[in-house]
Amino acid sequence: MLSTIPVRLLIGALALVVATAASAEDGYDLWLRYPPVETQWRAAYASRATAVVETARSPTFDVTASELRRGIGGLLGTAPQTGAIDGAIVLQRSRLKGAGDEGYCLKSARIEGHPVTLIRAKRDIGVLYGAFAFLRLMQTRTLPAHLDVCDGPAIPLRMLDHWDNLDGTVERGYAGPSLWNWARLPAIDPHLVDYARANASVGINGAVLNNVNADARILTPEFLRKVAAIADAWRPYGIRVYLSARFSAPIELGHLPTADPLDPRVRRWWQSKADEIYRLIPDFGGFLVKANSEGQPGPQTYGRSHADGANMLAGALAPHRGTVIWRAFVYSTGGDDRAKQAYDEFKPLDGKFADNVIVQIKNGPIDFQPREPFHPLFGQMRRTHLALEAQITREYLGQNTGIAYLGTMWSEVLSADTCAPRCGTPVSSTITAVAGVSNVGGARNWTGSDFDQANWYAFGRLAWNPRLPARQTADEWARMTWTNDPRSVRSIVTMMMGSREAAVDYMTPLGLAHQMASDHHYGPGPWVNDQPAPLWNPIYYNRADAQGIGFDRTPTGSNAVAQYESDVGRCFADLHCVSDDYLLWFHHLPWTHRMTAAWPKSQQ
Ligand code: GCV
């Protein structure tokens with residue numbers, strides 16, 4: 001894939017960066033390196049960061065003050081003091097209007113004649129977010145002479161889902177073993193705190209610790225004590241812990257003969273498990289569940305629906321204000337089109353889920369492909385809380401080779417217009433949560449390659465503000481991680497911005513999908529090499545035959561277009577309207593079909 005990225009650009013940019021970046025760094029500090037600012041900024045910035053004043057005390061205020069001291073100490077060479085003097089940064093709780101519960105305001109003001117910067121928020125976590133925002137302004141050299149900004153997250157729940165197994169392996173992980181060392185826990189290694197700092201710096205406020213292909217043992221007292229230690233360490237950073245729950249846990253751990261969600265013994269088992277968890281972790285976030293999907297147990301085993309299963313767990317968590325996140329990633333060998341199956345199963349359940357259930361839907365209808373149209377359930381389950389699930393780890397995007405900056409991909413899906421109930425309703429406004437399958441592992445630089453840190457960063461920033469242009473996020477990350485040298489920033493950002501499109505063109509152009517071997521998902525591999533061929537082979541998805549290529553999802557084919565709001569579906573079905581990006585996703589076209597001059601995008 002590297003060959004698709006302008007290699008001269010890469011070498012040039014990295015040479016410049018190597019010349020300017022501090023030596024002997026290993027990527028551990030991420031975008032929170034805080035190297036010294038250039039001399040021209042130093043005096044002006046220093047006059048606005050002479051002291052940090054905490055007007056209240058709490059663990060979150062304390063980590064905020066310490067982050068400011070660390071950041072400013074690095075950027076300006078002198079750590080701020082503690083007394084209230086000219087140029088102090090004052091941390092305040094305040095009844096803000098308009099920035100939401102987790103938002104903050106940064107304001108240049110005067111206290112008894114002294115110029116200060118106020119970082120104010122309704123909740124302590126907002127003060128921490130505000131401090132990271134203030135540092136970001138310095139890190140990117142964009143601190144205005146007079147500050148007066150308020151900001152708050154657009155999406156309430158912003159999570160990382162870790163697919164980490166209890167044996168230390170990570171499903172679809174390319175950054176070493178699991179970050180959680182279960183053998184050492186409940187001892188807290190410093191990197192666990194740094195993980196929380198990094199997440200808080202981009203506004204992430206929840207993490208699921210274990211794989212959705214869940215091992216029931218995570219719910220045993222032995223593991224729960226370890227999970228509680230992690231929750232304690234992360235609390236000051238506003239990160240709530242969630243666990244993937246195996247639906248059949250009442251059988252495996254409770255020795256019940258069934259996991260039927262309507263069986264009173266099963267309900268009682270989950271209730272007492274929830275009570276046990278909340279005794280250890282009073283702010284436990286809740287359960288993530290993959291049920292009746294890819295062989296996982298679930299309510300359908302007992303003739304019950306997804307809603308029956310989710311609501312039973314929701315009932316156990318409700319007294320503790322916990323949430324059930326129930327995945328909609330389901331498919332089976334029946335039916336004419338895998339892309340339609342999640343909608344067919346979940347749409348009839350709209351309005352039937354309890355209020356503390358969130359249905360989590362992958363960005364597209366198949367499975368984290370380099371490009372998919374948005375999932376038709378967005379906008380179509382208006383009486384259900386929804387989450388968007390994106391994949392930060394690059395299972396289908398080159399894994400741990402080359403560069404694929406995914407900010408562009410997530411912007412694309414978050415801003416896609418569902419036209420439901422009316423046009424101008426982007427996917428981002430149909431959801432209450434967003435979850436990214438983490439690319440973080442035990443590698444010293446967290447993500448295996450330094451460039452993959454950008455995807456962690458961008459995911460958090462876009463979850464906070466889905467309207468943030470992907471280019472701006474790339475620019476911020478490049479400045480904070482590498483250098484503020486304009487030429488280097490330009491080269492790095494150019495490379496990043498074209499990289500995902502290059503991966504698409506290389507692996508699954510024009511709306512093709514899943515053109516990789518089924519066992520490793522490293523592509524491209526548009527052939528069937530297994531004997532006998534499994535159903536989910538590349539030809540299932542590309543439908544290539546003597547006449548042409550592409551999956552006909554118009555009314556003459558599977559009619560998957562009918563799952564979208566009519567304006568959207570009509571456009572997808574119309575060759576004159578559908579974008580080249582989704583051409584072969586929705587249409588089977590003759591080999592002689594003429595492309596428009598505007599393709600391919602990555603070469604423009
Ligand atoms: C955790 C894809 C991946 C699986 C993953 C699954 C899911 O099929 O290849 O590794 O399982 O999605 O999202 O549940």
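Does Val 504 count as buried or exposed? The model is predicted, and in it Val 504 has a relative accessibility of 2%. Since the cut-off for buried is under 20% relative accessible area, Val 504 therefore counts as buried.

**Setting of Val 504**

Val 504 belongs to helix H14, which spans residues 486-507. When residues up to four places away in sequence are not counted, Val 504 touches Pro 370, Arg 371 and Pro 509. Between Val 504 and Ser 332, the C-alpha to C-alpha distance is 26 Å, with a separation of 172 residues in sequence.

**Disulfides**

The chain has a count of 3 disulfides. With bonded cysteines counted along the chain, the disulfides follow the pattern 1-2, 3-4, 5-6. The table gives the S to S distance of each link.

| Disulfide | S to S distance |
|---|---|
| Cys 105 to Cys 150 | 2.0 Å |
| Cys 419 to Cys 423 | 2.1 Å |
| Cys 571 to Cys 577 | 2.1 Å |

The link of Cys 105 and Cys 150 has a torsion of about 105° about the S-S bond, so this disulfide is right-handed. Cys 105 lies in strand S3 (residues 104-111) and Cys 150 in strand S5 (residues 148-151), so the pair ties together parts that are 45 residues apart in sequence. As for accessibility, Cys 105 is buried, because its relative accessible area is 8%. Cys 150, in contrast, is partly exposed, with a relative accessible area of 48%.

For Cys 419 and Cys 423, the torsion about the S-S bond is about 100°, and the disulfide is therefore right-handed. Cys 419 has a relative accessible area of 9% and so is buried, whereas Cys 423, at 43%, is partly exposed.

What is the handedness of the link of Cys 571 and Cys 577? With a value of -95° about the S-S bond, the link of Cys 571 and Cys 577 is left-handed. Cys 571 is partly exposed, with a relative accessible area of 22%. Cys 577 is likewise partly exposed, and its relative accessible area is 39%.

**Packing of helices H8 and H9**

Two packed helices are described by the angle between their axes and by the distance between the axes. Helix H8 covers residues 264-280 and helix H9 covers residues 306-317. Their axes come within 8 Å and cross at roughly 40°.

On the H8 side, the contact is made by Val 266, Arg 267, Trp 270, Gln 271, Ala 274 and Tyr 278. On the H9 side, Met 312, Leu 313, Gly 315, Ala 316 and Leu 317 take part. Sorted by class, the residues in the contact of H8 with H9 comprise 8 nonpolar, 2 polar and 1 charged.

**Summary**

Val 504 of helix H14 is buried.

Definitions and conventions:
Residues are numbered from 1 along each chain as its sequence is written. This is a predicted model: local features need pLDDT of at least 70, side-chain atom pairs count only at pLDDT 80 or more; totals for chains, interfaces and linings use all residues. Side-chain values use heavy atoms; hydrogens and water are left out. Axes are lines fitted to C-alpha atoms, for helices over the stretch in contact, and angles run from 0 to 180 degrees between N-to-C directions. Helices (H or I, at least four residues) and strands (E, at least two) are DSSP runs, numbered from the N terminus. Contact means heavy atoms within 4.5 Å. Ala, Val, Leu, Ile, Met, Phe, Trp, Tyr, Cys and Pro count as nonpolar, Asp, Glu, Lys and Arg as charged, and the others, Gly among them, as polar. Buried means under 20% relative accessible area, exposed over 50%, partly exposed in between (1.4 Å probe, protein chains only). A disulfide is a pair of cysteine sulfur atoms within 2.5 Å.
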